[in-house]
Amino acid sequence: MTTEGDLAGRDEPSRGELELKGQIRTASNAAFFGTIGDVPVIYKPISGERPLWDFPDGNLAHREAAAYLVSQSIGWNIVPRTWLHDGPLGTGSVQLWQEYDGGQDAVDLVPTDSVPGEGWRHVFDGIDEEDHPVSLVHEDSPELRRMAVFDIVVNNADRKGGHILPMPGGHRHGIDHGLTFHAEYKLRTVLWGWRGDELSVAERQGVEKVVADIQGELGAALEPLLTGREIAALETRCERLLARGRFPAPRGEMPAVPWPLF
């Protein structure tokens, strides 16, 4: 099965035979490196998804594909091209492989007495496994700010530091979006450094674009991937974010950050 009603990327290999090259052992669910023709991809079969207590079974791949559609709508190229595809282990999500810059760190744990200033945002303080005080920080960049806005919109419950790919030239891709679009509030992220800050004009315009697109092509493309309640909740989150005009702070009793952090 392949979803062809997405908003961009129709020139990518959404059709073709998927050949597995190896398994990614560090992933919490089954994930494989493969190729479609000569194009490298990551394949996450639905059959390899582990049951979760707070998300429905068997549709994490659909949420991955939905996150790409919203990324295309909002216009910031956050999620690499992602679609549903039949593979050797059945239907799953397929995402274009990204060669990221391993020499960059968009998110970091640093000694509390060495928290960087300009160009960085402080998230919280804690104690490491050796009882040393440490602080979670992330870079203060337009690219990462946009990712934080995107995570609010899609209700990302799992924005770990390792789910941010620093690309050469400064762009940042976000990956692993299976835990998104829950109708209930689930935001868990390492990107809390802008809490309370006003949205920029460009950020508001991106969210406004999603609201408009839900009434048209985006909403139609999301219908096979999400429930009606989840699509309605997506629109409501966008409208509330625009009405408040600021990055939210953590709320509720649930953890504000995912674990592990990276």
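In strand E8, Val 134 is the bridge partner of Gly 126. Helices (H or I, at least four residues) and strands (E, at least two) are DSSP runs, numbered from the N terminus. The model is predicted; local features need pLDDT of at least 70, side-chain atom pairs count only at pLDDT 80 or more, and totals for chains, interfaces and linings use all residues. Residues are numbered from 1 along each chain as its sequence is written, and side-chain values use heavy atoms, with hydrogens and water left out.

Strand E8 covers residues 133-139. Seven bridges join E8 to E7, and the two run antiparallel. Strands count as paired if DSSP finds at least two bridges between them. Three strands form an open, antiparallel sheet in the order E6-E8-E7. Strands E6 (107-111) and E7 (120-127) stand at the edges, each with a single partner strand, so one side of each lacks a neighbour in the sheet. From one strand to the next, the twist averages 30°. Axes for such angles are lines fitted to C-alpha atoms, for helices over the stretch in contact; angles run from 0 to 180 degrees between N-to-C directions.

Helix H1 spans residues 60-74. Its 15 residues should span 21 Å at 1.5 Å a residue, and the end C-alpha atoms are 21 Å apart, which agrees. The expected span is 1.5 Å times one less than the number of residues. Of the 15 residues in H1, 14 are buried (under 20% relative accessible area, 1.4 Å probe, protein chains only). Gly 75 follows H1 with a positive phi, near 90°.

The protein averages a pLDDT (the predictor's confidence in each residue, from 0 to 100) of 93, and 95% of the residues score at least 70. Over residues 1-11 the pLDDT is below 50. This stretch has 32 contacts (heavy atoms within 4.5 Å) in the model, beyond near neighbours in sequence.

Definitions and conventions: Buried < 20%, exposed > 50% of the residue type's maximum accessible area, 1.4 Å probe, protein only.
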